[in-house]
Amino acid sequence: QQIEENGGATSTRQNPNGNGRRRGQQRHGLECPEERDYYPYWHPTPWHDIAVLTEEPQERCEYYRTESQNVKAKGYCTLPQYNNPDACTANNGEWKEQAAFEEPPPECTGGISSRDNHNGNVRNGQPHYYMWKIPEFLTGRVVLRIRYNITTKDFDYGSLANPVEEGAQLSGMKADPFFMDAKFNDPNPNNRRRRTFSGRPGVPLPLAQDPVADWLGLGENALDTSRLLQLQVNTNQFGRTFEDRTHTFMVMERPADVPMDRRIVNLNIRGRRGNIVQVYPSVEYDFIPSELSVEVGTLLHFQWTGSDANNNNNAGNGRAGTDRSNLVQVQSRAETIPLPLEKQTLLFDAQANPNDPEGKALVDRFAYLDQDKIVTCDPETNDQNSETNCKQLNGASAYFDGGLVEMKVVGEHHFASTRNNDFTNRSHKGSIKVTGFAFEYAENVALGVGAFLGLILIIYIIAAIHAYRKPGSWLFSRRYRPRLL
């Protein structure tokens, strides 16, 4: 790619002409293309790293963790057009450093492979996810950023396009595609597009733009052009950040009456209104996580956000253009009919306490979403677009906060949304498995040691009883007699 030399941090291989610099080009918010495309970035940023999921954890994780601004200071020049110390000082600038955030390095782990073009779904059709424990010091309005980068294996050192060869070393190390820079540039750009690929240039170049060659060697000789094939190669696409999305939300402080060691888990809803084609690349409604396993005593924070700005022509139920979701317990994931009050186990234990007023109020609130506090519900109307049609949740607020609910009943609990669970169109269901209490590691060790010592004591007492009842046995001899006797 011919990158605009004066583009600064707005010009990258992905945006060679400088994103947002020229008339008619759109800058995306406060996006800095160079910072977007290269991670970890070498300049200071406001972003605190949480986690990195990579296909190559053994090769990359140490680098990601040590280069993160969480633990490493980042430098910048007082003359912003220079982005390295040598160029900065050579032009009478001052190279300064911004201190590290003094936070733990990001967690780095292997990612889960997924099938191409499946919206990020991985094993068993579940979405790829990361379980983030929100730090206690984090409160108020925050912005969460997710970046998705993908690179072809054609760049790997030793591949057919980037073979091992003499001189293919950079700075004393092999030509690792992870550190591609200007050294890989074609010295004769713009003369390879749709032309016969006639070998590699003098520096390592994995692939040129749309190369054409007799890749299979089917021609009679080097001049035979009857078996040429063109590869679809756009070099600004072969290794790039494909998605760079941000989401903003509020982090509330832990309630004063909830101990610090008490686990709180968020249960939300993802997706939007429409059929699978209309919502792509998003998904239709889904509880997230749709299958959750927690210990008894865990607090679940049920909350979700709908929208009033969907396309009015998108498929769905209830008032056009809106998202609304409720939660009712069902007997199994294969069923649709809600369980009656006397069989409820998720929001309260109806069998143990059938007259629990708080439990009944929770069931009502999660099902009806407090609509009668917002509108005057009309039980007679069947107008799908009427706000008074509370049967279809039209009178509910777009945001629902169900608060903290303690999981008290061990077992599996299934639930659905009455508005969005539409058999043969979409399934909006979820399951929560509540298990018995699990001990921490230290508690398990102490329990194991205690059990072992208890077993020894039991054996000792049994031996003493046996020796006492049979004084002629060897257990009653002076050498083996239990001290108890």
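Select cysteine 32 to begin. With 25% relative accessibility, cysteine 32 counts as partly exposed; buried means under 20% relative accessible area, exposed over 50%, and partly exposed in between (1.4 Å probe, protein chains only).

This is a predicted model, in which local features need pLDDT of at least 70 and side-chain atom pairs count only at pLDDT 80 or more, while totals for chains, interfaces and linings use all residues. Residues are numbered from 1 along each chain as its sequence is written, and side-chain values use heavy atoms, with hydrogens and water left out.

**The whole chain**

Now show the whole protein as a cartoon. There are six helices and 18 strands; helices (H or I, at least four residues) and strands (E, at least two) are DSSP runs, numbered from the N terminus. Of the 485 residues, 33% count as buried.

Switch to a surface view. The accessible surface of the protein comes to about 30,800 Å², and carbon and sulfur atoms hold 52% of it. These areas come from the Shrake-Rupley method with a 1.4 Å probe, and for residues only the protein chains shown count as cover. Among contacts with a separation of 6 or more, 56% are between residues 24 or more positions apart, where contact means heavy atoms within 4.5 Å.

**The disulfides**

The structure holds three disulfides, a disulfide being a pair of cysteine sulfur atoms within 2.5 Å. With bonded cysteines counted along the chain, the pattern is 1-4, 2-3, 5-6.

Select cysteine 61 and cysteine 108. Their sulfur atoms are 2.0 Å apart in a disulfide. This pair links distant parts of the chain, 47 residues apart: cysteine 61 is in helix 2 (residues 57-67) and cysteine 108 in strand 4 (residues 107-110). The torsion about the S-S bond is about -75°, so the disulfide is left-handed. Both cysteine 61 and cysteine 108 are buried.

Move to cysteine 77 and cysteine 88. They form a disulfide with the sulfur atoms 2.0 Å apart. Cysteine 77 belongs to strand 2 (residues 74-77) and cysteine 88 to helix 3 (residues 85-90), so the pair ties together parts that are 11 residues apart in sequence. Here the torsion about the S-S bond is about 80°, so the disulfide is right-handed. Cysteine 77 is buried, with a relative accessible area of 7%, and cysteine 88 is buried at 0%.

Then select cysteine 377 and cysteine 390, joined by a disulfide (S to S 2.0 Å). Both cysteine 377 and cysteine 390 lie in the loop between helix 5 (357-368) and strand 16 (399-406), so the pair ties together parts that are 13 residues apart in sequence. A torsion of about -80° about the S-S bond makes this disulfide left-handed. Is cysteine 377 buried or partly exposed? Cysteine 377 is partly exposed, with a relative accessible area of 23%, whereas cysteine 390 counts as buried at 3% relative accessibility.

Finally, select residues 411-416, which make up strand 17. Strand 17 pairs with strand 15 (residues 328-330) in the antiparallel sense over three bridges; two strands pair if DSSP finds at least two bridges between them. Six bridges join strand 17 to strand 18 (residues 429-435), also in the antiparallel sense.

Pick alanine 416 in strand 17. Which residue stands opposite alanine 416? It is valine 328. In strand 18, the bridge partner of alanine 416 is lysine 429. In a regular strand the side chains alternate between the two faces of the sheet.
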